[in-house]
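Work through the exercises below with the sequence and the structure side by side, and try each task before reading its solution.

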Amino acid sequence: MRIALDPQMLRTVPLLELPDVVAGMGYEWIELSPREDFIPFFKHPRVDTATVRAFRSKLSDAGVGVTSLLPVMRWSGPGEVERQAAVRYWRRAIEICVELGVDTMNSEFNGRPEAPELAEAMFWRSMEELLPVFEREGVKLALEPHPDDFIELGLPSLDMIRGIDSPCVSFLYCMPHTFHQGDDAPGIIANAGELLTHVHVADSMDHRASDGLRYITNPPGNTTRVHQHMELGRGDVDADEAFAALAGIGFDGVLTTCVFGWDDQARESGTRMLDAIRGLVGKHFPAGTLPDADAAGPDAGTSRPNFPQTPLPDDTAP
């Protein structure tokens with residue numbers, strides 16, 4: 001099992017400085033979510049090959065690996081122009097993933113919930129074009145339902161992933177989306193079983209609480225989706241319940257600290273979350289599930305599947 005950091009709150013840290021900052025917080029892994037200077041939301045990637053190679057070298061120097069890249073594109077519409085553009089952007093993002101030496105990408109279904117049949121048709125068209133690319137390049141894809149996607153619920157998203165029927169496509173459970181995807185972490189996690197490869201770890205308040213008046217948005221009855229990505233213990237998500245369910249299926253994937261909205265506490269928050277996740281793993285999983293961080297020396301990551309070990313194209317192999 002690996003614990004990664006989503007460095008969204010560190011997005012103003014220059015890309016080539018990010019590995020040292022993450023290592024200084026105690027993390028050995030990054031899940032690289034959208035950045036304006038790398039792969040932005042809904043746009044063509046901005047990073048060039050030279051920067052990707054420089055970033056890979058900085059990661060290696062810092063002893064930090066990348067578990068996954070997380071592009072978010074409009075591959076389910078709302079229109080065909082947007083869909084075709086998203087497929088082009090995805091192709092370039094996959095090239096970057098391969099150049100970086102990473103074997104996994106995470107993403108969302110996207111699309112519009114008020115037109116789910118159209119969005120699903122566009123999603124399948126995009127998958128028909130992209131799935132052969134993922135399989136040819138040896139890149140795995142973990143999908144999550146997201147509030148305001150054409151699929152928001154956990155169990156229907158698992159049905160969709162099973163319908164894709166590819167060994168390279170799996171399920172990502174996002175804890176702060178608990179109250180939008182069915183409020184049944186144990187049931188969704190148990191149903192996922194081996195399909196569950198990645199978990200986003202954060203807290204959120206239950207927007208349905210107090211007769212729906214936890215949050216008041218106007219006009220009344222609008223379809224706004226409200227959730228947060230807070231530190232564990234600040235909201236209503238039952239982290240013990242979720243981690244017990246993960247232990248129950250023998251989960252051995254990636255746990256990503258996924259806290260947003262507190263940029264002024266980015267480093268302190270990341271460190272607190274790392275401790276909290278380790279504590280939950282220690283409480284619910286068998287001893288020895290995580291490596292002893294204190295005993296891990298500078299070469300502890302040489303067996304990591306995604307760790308950038310292979311020489312860069314301009315390196316001289318020993």
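**Exercise 1: a unit of strands and a helix**

Strand 2, helix 2 (residues 49–62) and strand 3 together form a right-handed β-α-β unit. The model is a predicted one, and the tasks that follow should be read with that in mind.

Task: Find out in which sense strand 2 and strand 3 pair, and over how many bridges.

Solution: Begin by locating strand 3, which covers residues 65–69. Next, follow the bridges between strand 2 and strand 3, of which there are four, and note that the pairing is in the parallel sense. As an example of a bridge, take W29, whose partner in strand 3 is G65.

**Exercise 2: enclosed space**

Task: State how many cavities of 30 Å³ or more the model holds, and describe which residues line the largest cavity.

Solution: The largest cavity has a volume of about 60 Å³, and its lining consists of L5, D6, P7, Q8, M9, L10, M25, T257, V259, A266, S269 and G270. Sorted by class, this lining has seven nonpolar, four polar and one charged residues. Helix 9 (residues 266–284) gives the most to the lining of the largest cavity, with three residues.

Now turn to the second largest cavity, with a volume of about 30 Å³. L32, S33, P34, F38, I39, L69, L70 and P71 line the second largest cavity, and by class they divide into seven nonpolar, one polar and no charged.

**Exercise 3: the largest pocket**

Task: Determine how much space lies in the largest pocket, and which strand supplies the largest share of its lining.

Solution: The space in the largest pocket amounts to about 390 Å³. Its lining has 24 residues, and K140, S170, L196, T197 and G253 are the closest to the centre of the pocket. Strand 5, strand 6 (169–174) and strand 7 (196–201) each supply at least two residues of this lining, and the largest share, three residues, comes from strand 7. By class, the lining of the largest pocket divides into 10 nonpolar, nine polar and five charged residues.

**Exercise 4: E144 and H146**

Task: Decide whether E144 is buried or exposed, and do likewise for H146.

Solution: Start with E144, which lies in strand 5. Its relative accessibility is 2%, and because buried means under 20%, E144 counts as buried. Leaving aside neighbours within four places in sequence, E144 is in contact with S107, E108, F109, D149, L172, C174, H177 and H200. For a distance across the chain, take E144 and H198, which are 54 residues apart in sequence and 9.4 Å apart in space, C-alpha to C-alpha.

H146, in turn, has its place in the loop between strand 5 (140–144) and helix 5 (154–164). Its relative accessibility is 17%, and therefore H146 also counts as buried. With neighbours within four places in sequence again left aside, H146 is in contact with E108, I151, E152, H177 and H227.

Key: Residues numbered from 1 in each chain as written. Predicted model: local features only at pLDDT ≥ 70, side-chain atom pairs only at ≥ 80, totals over all residues. Heavy atoms only, no water. 1 Å grid on protein atoms, 1.4 Å probe; cavity = no way out; pocket = protein on both sides within 12 Å on 5 of 7 lines; lining within 4 Å. Points joined across faces, edges and corners; volume = space filled by probe spheres on them. Nonpolar A, V, L, I, M, F, W, Y, C, P; charged D, E, K, R; others polar. Pairing = 2+ DSSP bridges. Right-handed = clockwise from strand over helix to strand, strands pointing away. Buried < 20%, exposed > 50% of the residue type's maximum accessible area, 1.4 Å probe, protein only. Contact = heavy atoms within 4.5 Å.
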